[in-house]
Amino acid sequence: MSDSGHGQGWLGWLDRRYQITPLIEFLRHKEVPKGPHSMVWYYLGGMTMFFFLVQVVTGVLLLMYYQPGEATAYESIRYLTTKVPFGWLMRSVHCWSAHLMIISLVTHMFSTMMLKAYRPPRELTWVTGYILFALTLGFGFSGYLLPWNKLAFFATSVGTDLVKSVPLIGNWLLQVLRGGPDVTANTLYRFFALHVVILPLAFVSLIGVHLLFVQRQGMAPPLGAKVAPRGMRFFPSFALRDLLLWLVCFMVLLVLAVFVPYGPGIPGMDWELGQKADPLAPAFPGIKPEWYFLWEYQLLKEFPPHLFGLEGPQLCLLVVSLLLGIWAIIPWLDRQAQREQPSPGFSDFGWGAILFLTFLTLKAWDIGAMEPATSGSSLKVISRTCAWWTIGAGAVIIGIRWLLHRHRWFVFTGAALLHVVLHGWLGLPYLVAGVIAAVLAAVGIAMIFLRTAERRVNPGGSR
Amino acid sequence: MPENTSNQKSTRRSFLDLVLGASSVACLGSILYPVIRYLKPLPRAGGVGPTRLTPEELAKLEKEHFVIVPVSGKRVLILQNAAQEILAVDAKCTHEGCTVQYLPGESVIWCACHNARFDLDGRVLSGPPPRPLPKYAAERQEDGGILIVAERRQSE
């Protein structure tokens with residue numbers, strides 16, 4: 001080969017032994033689709049991976065002082081943040097990087113969904129990414145318990161309790177997860193093993209598969225353009241941009257970690273670690289999971305004890321599984337994107353889901369609460385205030401899509417907003433409002449289907 | 001003239017390279033410094049100075065003729081020889097740092113790791129240790145025979 005410029009030096013030494021020339025050639029010719037479309041979204045996966053790498057490094061450092069166990073977990077975190085030099089910084093970076101990783105991961109997923117990058121031939125890239133997302137939530141959930149404080153103890157009790165609603169194996173699963181019928185030190189050991197061994201192993205191997213898929217197929221070109229007209233060289237053009245973004249992310253992370261640090265011993269932040277968990281102490285108001293689980297927490301509150309012969313949490317789990325299930329298999333559902341045509345219905349499903357989750361999250365935060373926050377009138381005010389915010393966000397989303405993207409498909413966003421109006425403004429119970437909105441959305445979709453079918457049978461007939 | 005221009009360009013380029021390199025090093029340093037400080041272990045907490053044996057340690061000394069106790073963060077071997085004298089030496093073998101033990105039958109201090117033998121004053125009798133075991137001052141007190149182990153004393 002004329003291009004075997006790796007004849008001398010250490011590259012040549014390696015090449016003679018391991019034949020790395022094809023690999024170097026591949027990297028040299030790797031390109032990222034370039035065109036009139038925005039390239040911003042191509043950076044989010046790498047950004048998520050950067051935060052994951054930060055998690056690995058700081059996690060390993062934290063492991064050098066953390067001691068799981070009923071008598072040591074809380075104490076070792078306290079020692080770490082108050083005594084060890086820069087211990088507070090390591091923990092703070094770990095916590096903040098977790099939040100930023102979730103944010104960039106969710107943005108990555110939503111952008112993939114809006115751009116229909118999951119369409120063939122990238123269905124499995126979507127599925128592996130989806131599992132990585134689930135594992136990330138697992139990281140967040142298991143890591144929350146490790147400081148063994150009161151808040152984490154009760155949040156984990158509530159969070160794991162939902163598992164018992166799984167049909168048939170629910171109780172068995174709950175016991176396996178907790179290492180007993182209740183949250184105890186056994187749960188702590190299990191979550192520790194999950195957080196530092198099982199999940200990282202699964203995550204790293206799956207990232208390998210995910211990246212392999214991305215490397216083999218390249219980044220998805222915009223919808224409708226099978227082959228991108230031009231490409232940007234990955235090395236060095238795209239890689240340097242990636243690096244610059246990582247640097248910016250690192251700066252943002254450090255600014256947050258230094259100026260909004262976590263943990264005791266830092267003035268004004270003593271609440272964060274709080275008190276040590278006590279299995280015999282009663283729960284207190286303000287038990288909340290991490291912000292990215294708040295929607296689920298709020299949804300659980302909205303379900304009555306019994307409905308349609310099922311228990312509230314069971315029905316809640318069913319609804320959530322249905323929504324998450326649709327999200328997982330979306331590459332196979334979206335027939336239009338498979339034909340490289342725009343699929344506004346699926347974009348609208350994404351935006352509708354965002355509004356649905358936004359309202360629940362705002363509600364869980366008690367936005368607009370009066371004293372006392374748990375009184376009936378206060379709950380009404382919370383619903384109304386959160387409805388205002390959600391409708392504002394919905395109006396902005398619809399406006400931008402209408403004006404900039406010329407979308408005319410708003411059934412799901414419309415239903416989500418109707419749900420919010422019926423519940424927050426007119427005071428209907430959450431579920432009743434939800435059922436009305438869902439039925440209307442179903443009718444709307446059915447009408448759209450009928451009209452398209454009619455047009456297909458009788459093209460240009462009723463124009 | 002063109003020579004001058006190219007000269008200027010290379011100067012600017014090398015200056016930028018220098019700035020980039022220096023800021024990279026500074027950036028890396030600011031990351032590594034906290035990590036290194038974080039990894040450096042803190043000095044061990046606990047008392048420094050004379051130590052009294054606890055009743056448990058005393059009982060063990062009576063029963064097994066020796067006991068190993070922590071003194072100022074170090075392991076110290078307290079032994080009672082055939083003449084009922086109390087002796088104390090550093091329990092850390094000077095060869096590879098294993099913990100030594102007293103063999104009352106042979107009246108020697110023995111390290112099981114590499115078969116080193118010391119006499120009761122810590123001097124090497126056989127085996128690989130390069131130095132004698134440091135000696136400590138230990139004495140039986142008036143009040144019920146509790147011992148105080150004092151600071152390290154220069155071994156002969």
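Trainee: Let's start with chain B. Which residue stands opposite B:Ile68?
Mentor: That would be B:Leu77, which sits in strand 3 of chain B. Keep in mind that we're looking at a predicted model.
Trainee: Noted. How many bridges hold strand 2 and strand 3 of chain B together?
Mentor: Six, and the pairing is antiparallel. Strand 2 covers residues 66-71, while strand 3 covers 74-80.
Trainee: What's in the turn of that hairpin?
Mentor: Two residues lie between the strands, and B:Ser72 has a positive phi near 50 degrees.
Trainee: Then what does strand 3 of chain B do with strand 4?
Mentor: The two run antiparallel, joined by five bridges, with strand 4 spanning residues 86-90. Look for B:Leu79 there: B:Leu87 in strand 4 of chain B is opposite it.
Trainee: And how many residues are between the strands in that hairpin?
Mentor: Five, and B:Gln84 is the one to look at, with a positive phi near 65 degrees.
Trainee: What about side chains in a strand, where do they point?
Mentor: As a rule, side chains in a regular strand alternate between the two faces of the sheet.
Trainee: Okay, zooming out. How many helices and strands does chain B have?
Mentor: Two helices and 10 strands. Going from the N terminus, the order is α-β-α-β-β-β-β-β-β-β-β-β.
Trainee: How much of chain B counts as buried?
Mentor: 19% of its 156 residues.
Trainee: Switching to chain A. Which domains is it divided into?
Mentor: Domain 1 is 17-313 and domain 2 is 343-463. Their centres, taken over C-alpha atoms, are 28 Å apart.
Trainee: How many residues are in contact between them?
Mentor: 13 from domain 1 of chain A and 11 from domain 2 of chain A. On the domain 1 side, helix 11 of chain A gives the largest share, six residues. By class, that side has nine nonpolar, one polar and three charged residues.
Trainee: Why does A:Ala437 count as buried?
Mentor: Because 23 other C-beta atoms lie within 10 Å of its own, and the cut-off for buried is 20 or more. You'll find A:Ala437 in helix 18 (residues 430-457) of chain A.
Trainee: Which residues is A:Ala437 in contact with, leaving aside its neighbours within four places in sequence?
Mentor: A:Ala415, A:Leu418, A:His419 and A:Leu422. There's also A:Ala416, 21 residues away along the chain, with a C-alpha separation of 7.0 Å from A:Ala437.
Trainee: Last one: how many residues are in contact between chain A and chain B?
Mentor: Eight from chain A and five from chain B. Helix 5 (residues 87-114) of chain A supplies the largest share of the chain A side, three residues. That side has six nonpolar residues, one polar and one charged.

Key. Residues numbered from 1 in each chain as written. Chains lettered and ligands numbered in written order. Predicted model: local features only at pLDDT ≥ 70, side-chain atom pairs only at ≥ 80, totals over all residues. Pairing = 2+ DSSP bridges. Helix = DSSP H or I, 4+ residues; strand = E, 2+ residues; numbered from the N terminus. Contact = placed C-beta atoms within 7 Å. Nonpolar A, V, L, I, M, F, W, Y, C, P; charged D, E, K, R; others polar. Domains from an automatic or database assignment. Buried ≥ 20, exposed ≤ 12 C-beta atoms within 10 Å, placed from the backbone.
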